[in-house]
Amino acid sequence: MRHTLPTLSRRTLLRAAGATAASLALPAFANWPDKPIKIVVTFPPGGSSDILARVMAEQLTRKLGQSVVVDNRPGAGGTIGGMAVAQAPADGYTFMLSNTTPIALGPFTLEKQPYDPVEAFTHVAYLGSAPLVIMANPNVPIKTVSDLEAQARKQGRLDFGSGGPGSIGHIHGELMKKTMGVNLVHVPYRGGAPMTTDLISGVIPVAIDVITAYVPFFKSGQLVPLAVTSPGRSPLMPDVPSVTEFGYRKLVLENFFGLTGPAKLPTDMVTKLNTACNEVLVMPDIKKKLVELGITAVPTSVAGFNSFVKEQVSVLGPTVKGAGIKL
């Protein structure tokens with residue numbers, strides 16, 4: 001027996017064609033996200049960026065309904081991770097926990113700038129900022145920034161540790177060296193965790209890093225905070241002076257945190273993610289967590305974050321170049 005296909009009515013065909021056209025008209029990100037999202041952290045696990053990235057990843061996983069994972073890619077002043085994100089497809093599945101180092105410092109320490117920190121990215125959400133802290137081993141005769149300068153002059157050399165070459169701690173130490181006119185010698189580490197171990201054990205006398213991970217060590221007496229690098233004192237440690245109180249206004253430098261993707265991400269996707277991030281930042285338990293980390297969280301529009309990034313790059317980029325800091 002011969003079988004024939006059922007005849008479709010003209011109305012059915014038109015309806016099907018219309019549905020297909022409508023689906024094709026939908027933006028490519030209409031179902032975004034439909035697979036895991038990656039947040040690249042430009043430093044090893046355990047540091048301030050890594051801690052904040054994991055806090056955000058957990059909350060964004062719940063808000064977006066897709067797994068958000070952290071991928072640590074340290075090195076070259078944050079520019080290895082920065083390059084990975086700048087070169088990623090603009091599909092909304094690769095982002096960077098951006099901060100001052102890979103955006104406004106690291107690219108300007110290399111002989112050939114690896115990317116334009118403004119044009120190579122879509123800066124999605126400002127997450128907050130935190131000061132650096134200049135700290136010392138409790139067994140060295142350095143209890144203030146003035147002591148640090150005096151000890152460096154007396155010895156003719158003073159080593160300082162940072163989380164890595166081109167890190168914000170490294171840059172700040174070089175600025176201290178230039179501002180004070182003393183011989184501060186950089187001792188780089190692969191992240192804040194191994195640096196902390198050596199600072200506590202006395203392998204290095206002083207170090208500089210974002211305040212986030214160090215408050216427990218100050219409370220336990222394992223480390224001594226000399227000063228914070230914000231314009232005023234940090235609410236996290238109100239008893240610790242700012243560098244401005246020692247007359248070092250040129251040493252004010254804070255680390256910002258944000259969420260950044262490749263250039264040319266769709267506007268609606270960026271708006272959706274910016275809104276999700278801002279909602280996370282005002283959650284009471286998250287606000288409390290960030291305060292404990294020394295991070296001042298400020299929900300900000302996409303336009304506001306982009307303006308902030310441009311300002312940071314225009315100020316800090318020339319500062320790094322002017323100081324002759326090279327990796």
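**Exercise 1.** In this predicted model, identify which residues of helix α7 (residues 192–201) are buried, and work out how they are arranged around the axis.

*Solution.* Taking buried to mean under 20% relative accessible area, one finds Gly 192, Met 195, Thr 196 and Leu 199 as the buried residues of α7. The next step is to consider their directions from the axis: they cover an arc of only 100 degrees, which puts them on the same side of α7. Turning then to the face directed away from this buried side, one finds the exposed residues Thr 197 and Ser 201. What covers the buried residues includes β4 (121–136), β5 (158–162), β7 and α8 (215–220). Finally, following the chain beyond α7 leads to Gly 202, whose phi is positive, near 90 degrees.

**Exercise 2.** Describe the second largest cavity by its volume, its lining residues and the classes to which they belong.

*Solution.* The volume of this cavity is about 40 Å³, and its lining consists of Ile 134, Leu 148, Phe 160, Met 176, Leu 184, Val 206, Ala 207 and Ile 208. Sorting these residues by class gives eight nonpolar, no polar and no charged. Assigning them to elements shows that β7 contributes the most to the lining, with three residues.

**Exercise 3.** Characterise the lining of the largest cavity by class.

*Solution.* The structure holds three cavities of 30 Å³ or more, and the largest has a volume of about 150 Å³. Of the 15 residues that line the largest cavity, Phe 43, Gly 47, Ser 48, Asp 209 and Val 210 are the closest to its centre. The elements giving two or more residues to this lining are α2 (48–64) and β7 (206–210). By class, the lining comprises four nonpolar, 10 polar and one charged residues.

Conventions
Residues are numbered from 1 along each chain as its sequence is written. This is a predicted model: local features need pLDDT of at least 70, side-chain atom pairs count only at pLDDT 80 or more; totals for chains, interfaces and linings use all residues. Side-chain values use heavy atoms; hydrogens and water are left out. On a 1 Å grid over the protein atoms alone, a cavity is a set of points where a 1.4 Å probe fits but cannot get out, and a pocket is an open set with protein on both sides within 12 Å along at least five of seven lines; lining residues have an atom within 4 Å of a point. Grid points are joined across faces, edges and corners, and a volume is the space filled by probe spheres set on the points. Helices (H or I, at least four residues) and strands (E, at least two) are DSSP runs, numbered from the N terminus. Ala, Val, Leu, Ile, Met, Phe, Trp, Tyr, Cys and Pro count as nonpolar, Asp, Glu, Lys and Arg as charged, and the others, Gly among them, as polar. Buried means under 20% relative accessible area, exposed over 50%, partly exposed in between (1.4 Å probe, protein chains only). The arc is that of the directions from the helix axis to the C-beta atoms. Contact means heavy atoms within 4.5 Å.
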